[in-house]
Amino acid sequence: MAQSLELLLIQFLMPDNDARRQAEEQIRRLARDQQVVPALVHHLRTAKTPHVRQLAAVLLRKKITSHWPKLPPHAKVSLKQALIDSITIDHSHLVRRASANVVSIIAKYAVPGGEWPELLPFIFQCSQSPQEDHREVALILFSSLTETIGTTFQSHLNDLQPILLKCLQDEASSCVRIAALKAVGSFIEYVNDGGDIVKMFREFVPSILNVSRQCLANGEEDVASIAFEIFDELIESLAPLLGDSVRSIVQFSLEVCSNQDLEINIRQQAIQIISWLVKFKASFLKKHKLVIPILQVMCPLLTETADEDVDSDLAADRSAAEVIDTMAINLPRHVFPPVLEFASVSFRHINPKYREAALTSLGVVSEGCCEHLKDKLEDCLKVVLEALKDPEQMVRGAASFVLGQFAEYLQPEILSHYESVLPCILNALEDPSDEVKEKSYYALAAFCEDMGEDILPYLEPLMCRLVMSLQSSPQNLQETCMSAIGSVAAASEQAFMPFAEKVLEMMKGFMVLTNDEDLCARARATEVVGIVAMAVGRARMEAILPPFIESAISGFGLDYSELREYTHGFFSNIAEILDDSFAQYLPHVVPLAFSSCNLDDGSAVDIDDDDTVDNGFSGVSSDDDVNDEPRVRNISVRTGVLDEKAAATQAIGFFALHTKSAYAPYLEESLKILIRHSRYFHEDVRLQAIISLKHILTAIRAKPPGHADVLEKQKDVLDTVMNIYIKIMREDEDKEVVAQACMSVADIVKDCGFAAIEPYITRLAEATLVLLRQESCCQQVESDGEDDGDIDHDEVLMDAVSDLLPSFAKVMRSYFDPIFAKLFDSLMKFAKSPHPPQDKTMVVATLAEVAQEMGSPISAYVDKIMPLVLKELTSSEATNRRNAAFCVGEICKNGGAAALKYYGDILHGLHRLFADSEPDHAVGDNAAGAIARMIMVQPQSIPLNQVLPVFIKALPLKEDHEESMVVYSCVCNLLLSSHPQILPLVPDVINAFAQVVVSPDESDQVKTVVAKAVSHLVSVYGQQMQPILSALPAAHANALAAFANRR
C-alpha cells in the first residue's frame, strides 16, 4: 500500500483537477483500511517534499479517530514516535503544525487511557528548548491539546504558567511570542475561580498587551486580534479573571480603536471589547473610573467619516454610537454629563460632522439616560429643532433621528412639546434630501404614536401630506411613510375613520405586489392594515376584511421572512378586534404560524480547520470520522427568521386568547411549540413564548368544566405553565424574559385563585426570594469585582418581582404572613443606601399593597416599616411622596395598636402634602386617602378640629380617583353620624360633592355615596341646607339632585 499511496499523494498535489479527483477517490478507498496508518507514517517520515509529508499528516488526522482503537500496540508506538520526530526534526513549519494536530487527536484517546504518559513531559521539555522551532511547536501543541484534553491540563497550570509567561516575553522570537499568545487564549475556558489560578491568569495581561503592541507596530494586525479574542474570553469567563487589569485592557483597546492608521477590522474588535465591558462589567468601569476616558474616545469617534469601501456596520462612528448607547443603558448617571458636554461643545462646530456627532450623541443616549434628558428636555429640544434648519444634509438627518429617539424614549414629557415639534417635522418632510425625509418619517411615526387626542388638530393636514407623499415618493420613503400613517392611526383611533377607506385602498395595492424588491413595502402595508383595523374597530372593518386576509395569506407563498413576520402581526391584530369571530380563519392562519415556528434557524457555523482551509486539502474528506470535530469559532443566525418566529409565537397566543374554546383543536400542538420556545436560545422568542403560554392557559380555562377530562387537562396545562415560569424565574439569563414570567405569574395568581396555585406557592416564594436577593441567573452578569456603591434602579426586572408580593397577598390574605416574613428583609434591603429613590418607592408601594391585602398581620412589621415611610413622605420625588402617603394610610388602617404611636409623626408628615407648595395633585389625593383611613379606624386618636378643615379644603380629589371611595366614604360617615367637627364645614363639603357628581372621572358608585349623604343632610337640616344648595351653580345643583333622587 505504501508505494501506491505515495503515487496517489503526489498525484493529489498535481494542478490537474481530473488527476486530483481520481487521486482523492483512490485515497478515500484506501483510507478505510487500517493499514493506511503505517503507510501514512512511512510517508510522514520519508517523503522528500514537505507538501507530501504535510498531506500524510492531514490524512492521519482525519482517519486516526476510526483506526486508533484497532491498531496493534507496535503500530501505536511507531505512530507516536513518528509524530514526535516530525514535530522536533522536520524543517517545515506546515508539517510540524499538521503533525501537532494529529497529536491532539490521538491524545484525546491515549492520554486519559494512560497510553501516552511521556507526551506531557515531552511538550514541557520542548517548551524550554533553546531551539526556537521546538518552543513554538510546544506552544502549538498546548493550544491544540486544549481542544481534546483541556481538563488534563488543569492540574498542570501551576507548572505551565511560568512557561507561557516566559514565552510571551521571549525576546529572541516573535513566532514564539505569537504561539504563546494563542496558547494563553486556549486555556482560559478551563480556568476555575480558584484564587491562585485567577491571580496567575491576571499576570498574563501585561505580556499579552506587550506582544499585541509589537504585532501592531510590525503590521501583524491579524495576530494582535488574538489579544482581543483573549480579552473577550476574560470578560465572559465565570472566573473573576479581569481584576485591576481592566484598566490596561481598556487603555489598549482605546489606543487601537482611535488609531485611524489601523485596519477597520482590528479597530472594530477593540470597540467590541469596550462594548462587552460596558455590558457585562459595568461596575468595573465605575470602580476604575474608566467611564469618562472611554467617552473621551467614543464621542470623537462619532465625527469620523468612513471610507466608501468600508461596510457601514464596521464604520467607527456607527460602532462608537452603539457603545455609547450601551453605556447609557448600563451607566446612565455617569454617561449623561460628559455626553451633554460633548454635544454642547460640538453643536456649534464649524465642521458639520461634529454638529452631526453632537446630535447623534444625544439621540443614542435617549433610551438609557431618559430620566436625565427629561430634566434638560427643553434646552436639548431647542438645539435639535434648530438643527433641522442646518445647511448640511447630514446634520438635518441627525436632527430628525434625534427627534425620533426623543419621541420614543422621553415619554410622556416630549408630548407636551407637540406644538413646537410637529410643525418642524412636517417642514422636514419637504427636505430636498431623501435621507432627511426618511428619518423625518421615523420621527413623525415615533412622535405621533402616543399623542392620543392631542393629534386631532393636526390629523387632517398630517394625513393629506402623508397620503400625497405615499403616492409620489420612491419606495424607501413609501415604507417609512406607511409607518407614520400607522402611528397616526394608532393615536387618533376612531377619529381616523374618515381616512381609513383611502388608506386601506392604497394598502390593498401594495398587498398584491410580488416582485422581490416590493416585498418590504408589501410587509409594511400589511402591518398598516392591521393597525388601521385596530384604530377604527370591528364594526367598521369586519365586512371589508376578507380580501385583506386573503392577500395576507397568499404572501406566505413568496418566501420572504419579513413579510411573514409582519403578516403574523397583522393576524394578531385582526384576532384582537374580531375576537371570537376570528375562529373562521383559524384553519387558514394557525398552520402558517406553526410553519414559521418550526422553521430552521439558518445557522451558519464557522469552523476552525487550518489543515483543510489554509492548505487546500479540503477535498480529502473525513467521511467516516464522525468524532473528529474541529473547534467551532462562531455561530451566526438569520435574524429575520428569529423575528418571524417571535411574531408567530405571539400570534399563537393571540389566537388562543381571543377565540378561546374554538382554538381547542390547536391547543396540543401550540403547547408543544411554546414549551420548546420557552427554552429557545434567543430571548425575543422566549419572551413571546412566556406571554403566549398564559394566553393558552386562559383559553383552556375558558372551556366549560363539564367533564372530568376537561378539568384534568386544565390542571395539566396549569402545571406545565407554572413549572416553566418558576424555572425561568431562577434560570433564564434575560431580565426581560424573567420579568414577563413574574408578571404572568402575578396575573395567573389573581385569575386562578389560591386553590389553584397552592401546590406551587412554596416554590414561587423561593424563586421570588432568589430574585429579591439578586441571586438568579439573570442577575449574575457581573461575576467579579467590588461594587462601588452606585446602584441604578432595575426597572425592567425588580418592579415585576416586587409586584408578586401583593398578588400573593391578594389571594392568601392573612395566610400570606409566613411567606412575607421570609421575603421581608430581602425586600427592605432595596430601601437602604446606596439604592436610588426608585428602589425606595418600589419597596414602599409593595409594602402598602401587601398591607392592604394581608390585613392585620402587617402590625408585626410596623416598627420596621414606619421609619422608612415617614422619611419617604419628605422625599424630593413626587412618586415617592405619593406612595409613602398611600402606605401610611394602609399601615394605619391595618396595623392596629402598633401604628397608634406614630400618628403624631404621620399627621405632621402628611400636613406638608396638603400645602399649596405641593406641586403634584396625586400626592395630595393620596395624603387625603391616608387621613380618611386614619379617621375611619381611630377617629378618637386624631385632633379632628385641626385635621378636618385641611382635609376638606383638599377636596375634590384631582388626579388619583382610586382614592375617591375611601375619601368620600369617610366624609359621608362623619356627615351621617352628625359628627360635631364636620358640621361647620358642610358648605365646603357640599361644594366639593357637587364637583364630584359632575366629574367624568368619578364612578357612579362614588357619586351615589355622596348624593346619599347630601339627602341625609337635607332630611335632617332642611332649612339650613337650602342656602348652601342654592349657592351652587345650576348644573352642579341639578346633578346632585339627580343622583340624590336615584336612591
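Here are some friendly questions and answers about this predicted model.

User: Is Ser-104 buried or exposed?
Analyst: Happy to start there. Ser-104 sits in helix 6, which covers residues 93-110. Its relative accessibility is 5%, and buried means under 20%. Ser-104 therefore counts as buried.

User: Which residues is Ser-104 in contact with, leaving aside its neighbours within four places in sequence?
Analyst: Contact here means heavy atoms within 4.5 Å. With those sequence neighbours set aside, the partners of Ser-104 are Ser-144, Leu-145 and Thr-148.

User: Which helices each supply at least two residues of the lining of the largest cavity?
Analyst: Let's look at the lining, which consists of Ser-174, Arg-177, Ile-178, Val-211, Gln-214, Cys-215, Asn-218 and Glu-220. By class, this lining has 3 nonpolar, 3 polar and 2 charged residues. The helices that each supply at least two lining residues are helix 10 (174-187) and helix 12 (204-217).

User: Why do the buried residues of helix 31 line one face of the helix, and within what arc do they fall?
Analyst: The buried residues of helix 31 (residues 546-554) are Phe-548, Ile-549, Ser-551 and Ala-552. Looking down the helix axis, these buried residues line one face because they fall within an arc of 160°.

User: What do the buried residues of helix 31 pack against?
Analyst: Phe-548 is one of these buried residues. The packing partners of the buried set are helix 28 (497-510), helix 29 (519-536) and helix 32 (561-578).

User: What is omega for the cis peptide bond that joins Leu-955 and Pro-956?
Analyst: Pro-956 lies in the loop between helix 51 (944-953) and helix 52 (964-976). The bond joining Leu-955 to Pro-956 is cis, with omega about 0°.

User: Where does Pro-834 lie?
Analyst: Pro-834 is joined to Ser-833 by a cis peptide bond, with omega about 10°. Pro-834 lies in the loop between helix 44 (817-828) and helix 45 (837-854).

User: Is Lys-289 buried or exposed?
Analyst: Lys-289 has a phi near 55°, a positive value in a residue other than glycine. Lys-289 lies in the loop between helix 16 (282-287) and helix 17 (291-301). At 66% relative accessibility, Lys-289 is over the 50% cut-off, so Lys-289 counts as exposed.

Notes
Residues numbered from 1 in each chain as written. Predicted model: local features only at pLDDT ≥ 70, side-chain atom pairs only at ≥ 80, totals over all residues. Heavy atoms only, no water. Helix = DSSP H or I, 4+ residues; strand = E, 2+ residues; numbered from the N terminus. Buried < 20%, exposed > 50% of the residue type's maximum accessible area, 1.4 Å probe, protein only. 1 Å grid on protein atoms, 1.4 Å probe; cavity = no way out; pocket = protein on both sides within 12 Å on 5 of 7 lines; lining within 4 Å. Nonpolar A, V, L, I, M, F, W, Y, C, P; charged D, E, K, R; others polar. Arc of directions from axis to C-beta.
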